[in-house]
Amino acid sequence: MIDKNEFQNKIKKAEKTAYKAIFFSFLASVLLLFAAYDPTFSIFGNKETALTYSDTVENKNEDKIENGVHIRTGLVDAEGLITVVNNCTNCHSAKLVIQNRMNTERWNTTIKWMQETQNLWDLGENQEVIVNYLVTNYPPIAKGRRLNLTDINWYTLKK
Ligand code: HEC
């Protein structure tokens, strides 16, 4: 009788151990799967680090510059670029900015017009940065009549 009880106890113990093993391997695989989906475990707090990480990655892609051109907007990479991107491409495309070649005075007038009628914010010190960028990189193109020719070497036709 004692032997039989002992045997039964051993079986039960073995059974319990087996259940435990199954339970833990199940737990381990769940953890593994979780780790595969969310390697930083960002679901458990730690949100800030996760956000800054993706933010920097996004910003890097958003402000990518290739061959001297800001890819997202098509603006030329030069001093003041990011200020222009941040203030002038929110409401309309940068194309509208680029295709209008003006001098300093006309830019200031256009900005004033947008501020008065289109809800453009006060640009503060950035206005000078922006206008300088525009005048330097997108200077006005001389329109209308070409200048008179000078310094021409007329030659006489031979008879
Ligand atoms: C708050 C919104 C807003 C912002 C920001 C903004 N604009 Fe505009 N802008 C407008 C609107 C609206 C128009 C009119 C668009 C149209 O006619 O389709 C306009 C028109 C223009 C035009 C065309 C003007 C014309 O005479 O046809 C230029 C050039 C321009 N914007 C340049 C800029 C520059 C440079 C900046 C940055 C300083 C800027 N915009 C920022 C709203 C904005």
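User: How many of the eight residues of α3 are buried?

Analyst: A residue counts as buried under 20% relative accessible area, as exposed over 50%, and as partly exposed in between, with a 1.4 Å probe and the protein chains only. By that rule α3 is mostly covered, since six of its eight residues are buried, namely Leu81, Thr83, Val84, Val85, Asn87 and Cys88. The model is predicted, so local features need pLDDT of at least 70 and side-chain atom pairs count only at pLDDT 80 or more, while totals for chains, interfaces and linings use all residues. Residues are numbered from 1 along each chain as its sequence is written, and side-chain values use heavy atoms, with hydrogens and water left out.

User: Which elements cover the buried residues of α3, and in what order do the elements of the protein run?

Analyst: Helices (H or I, at least four residues) and strands (E, at least two) are DSSP runs numbered from the N terminus. There are six helices and three strands in the protein, and from the N terminus on they run α-α-β-β-β-α-α-α-α. What covers the buried residues of α3 includes β1, β2, β3 (75-76), α4 and α6. For the protein as a whole, buried residues make up 17% of the 159 residues. Taking contact as heavy atoms within 4.5 Å, 47% of the contacts between residues at least 6 apart in sequence join residues at least 24 apart.

User: Which protein atoms are donors of the iron atom of the ligand, and why is the arrangement octahedral?

Analyst: Ideal angles at a metal are 90 or 180 degrees for six octahedral donors, and 109.5 degrees for four tetrahedral ones. Donors are N, O and S atoms within 2.8 Å of the metal (3.2 Å for Na, K and Ca), and sites may look incomplete because water is not among the atoms. Here the protein donors are His92 (NE2) and Met114 (SD), which lie 2.0 Å from the iron atom. The six donor atoms around the iron subtend angles of 87 to 179°, which makes the arrangement octahedral; six donors count as such if opposite ones are over 155 degrees apart and all others between 65 and 115. Histidine 92 is partly exposed, at a relative accessible area of 26%, whereas methionine 114 is buried, at 16%.

User: What should the 14 residues of α5 span, and where do its buried residues fall?

Analyst: The expected span of a helix is 1.5 Å times one less than its number of residues. For α5 that gives 20 Å, and its end C-alpha atoms are 20 Å apart, which agrees. Trp107, Thr110, Ile111 and Met114 are buried in α5. Seen down the axis, these buried residues fall within an arc of 95°, so they line one face of the helix; the arc is that of the directions from the helix axis to the C-beta atoms. They pack against α4 and α6 (126-137), while the face turned away from the buried side carries the exposed residues Glu105, Lys112 and Glu116.

User: Which residues is methionine 102 in contact with, leaving aside its neighbours within four places in sequence?

Analyst: Methionine 102 lies in the loop between α4 and α5 and counts as buried at 5% relative accessibility. Its contacts, with those neighbours left aside, are Trp107, Thr110, Val135, Tyr138 and Pro140. Methionine 102 and proline 139 are 37 residues apart in sequence, yet 6.5 Å apart in space, C-alpha to C-alpha.

User: How many aromatic pairs does a search of the whole structure find?

Analyst: A pair of aromatic rings is described by the distance of the centres and the angle of the planes. Rings of Phe, Tyr and Trp (its six-membered ring) pair if their centres lie within 6.5 Å, and planes under 30 degrees apart count as stacked, over 60 as edge-to-face and the rest as tilted. The search finds two pairs. Phenylalanine 23 and phenylalanine 24 are edge-to-face, at 5.4 Å centre to centre and 70° between the planes. The rings of tyrosine 133 and tyrosine 138 have centres 6.2 Å apart and planes at 55°, so that pair is tilted. Tyrosine 133 is buried, with a relative accessible area of 1%, and tyrosine 138 is buried with 6%.

Methods
Four donors count as tetrahedral if all angles lie between 85 and 135 degrees; four count as square planar and six as octahedral if opposite donors are over 155 degrees apart and all others between 65 and 115; anything else is irregular.
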